[in-house]
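Have a look at the model first.

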Amino acid sequence: MQTVMPILLVSILMTAVVTDIRAMRIPNWLTFPAMIAGLAGHGAAGGADGLLFSLAGLGLGAALMLLPFLAGVMGAGDVKLMGAAGAFLGAQGVFGAFIWTSFAGGAYALGVLLFHLPQLRAVGRALHTSFTTMLVTGEMTYTPATGGKALPRLCYGVAIAAGTVTSMYFSGALDAVFSGIMAIR
């Protein structure tokens, strides 16, 4: 079980990356069975304690992504994918994955923006105008960028996968996988 769970989670994350890039969504047929697999795996291995470990991770993973979802900057599939990762990693593990995901998401967003410099400049001008207006009037209002294309949408499943796998690597969660692969050779 120690080797199966990380391999299954990485497989789920890679599937999410492919579906997110192709269709710009992470489907329920992937996220809900992933949540169930995490809960069932930990429940089978650790009984009630394993199930609580998994439930805590699922809840925290989804909760961490809920605010960005409610703000409209992230899709529901991203929330469910992080919840599914939490079902595999537990609360402490998913918190680390969330931190790494935030770094990966920032780098990913910056990379995408660098390929769309005119839109980035328009947003920068809009932010500058909003900030200047706030300094003069004391009111915080955002004036959206006009005259140009909208900024590109991000496939945040890419960042979730990168951050989660990075967190798993640094926490040693992938050690069993690597040793299993080396034993096969």
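**Helix packing and a surface patch**

In this predicted model, Met5, Leu8, Ile12, Thr15, Ala16 and Thr19 of H1 touch Trp29, Leu30, Ala34, Ala37, Gly38, Gly41 and His42 of H2, contact being heavy atoms within 4.5 Å. Helices here are DSSP runs of H or I with at least four residues, numbered from the N terminus. Local features need pLDDT of at least 70 and side-chain atom pairs 80 or more, while totals for chains, interfaces and linings use all residues. Numbering starts from 1 along each chain as its sequence is written, and side-chain values use heavy atoms, leaving out hydrogens and water.

**H1 against H2**
- H1 (residues 4-23) and H2 (residues 28-70) pack at about 170°, axes 11 Å apart; axes are lines fitted to C-alpha atoms over the stretch in contact, with angles from 0 to 180 degrees between N-to-C directions.
- That angle makes H1 roughly antiparallel to H2 (over 145 degrees).

**H1 against H3**
- The H1 and H3 axes come within 10 Å and cross at roughly 170°.
- So H1 is roughly antiparallel to H3 as well.
- On the H1 side are Met5, Leu8, Leu9, Ile12, Leu13, Ala16 and Asp20, meeting Asp78, Leu81, Ala85, Phe88 and Leu89 of H3.

**Surface patch**
- Phe95, Ile99, Trp100, Phe103, Tyr169 and Phe170 make a nonpolar surface patch of about 670 Å².
- Helices H3 (76-114) and H5 (156-171) each supply at least two of the patch residues.
- H3 gives the most, with four residues, and Phe95 lies in H3.
- Patch residues have over 30% relative accessible area and no salt bridge, with nonpolar side chains (Val, Leu, Ile, Met, Phe, Trp, Tyr) joined within 5 Å; areas come from the Shrake-Rupley method with a 1.4 Å probe, only the protein chains shown counting as cover for residues.
- A salt bridge is a Lys or Arg side-chain nitrogen within 4 Å of an Asp or Glu carboxyl oxygen.

Note on methods:
Angles under 35 degrees count as roughly parallel, over 145 as roughly antiparallel, 65 to 115 as roughly perpendicular and the rest as oblique. Patches are made of residues with over 30% relative accessible area and no salt bridge: like charges are joined within 9 Å, nonpolar side chains (Val, Leu, Ile, Met, Phe, Trp, Tyr) within 5 Å.
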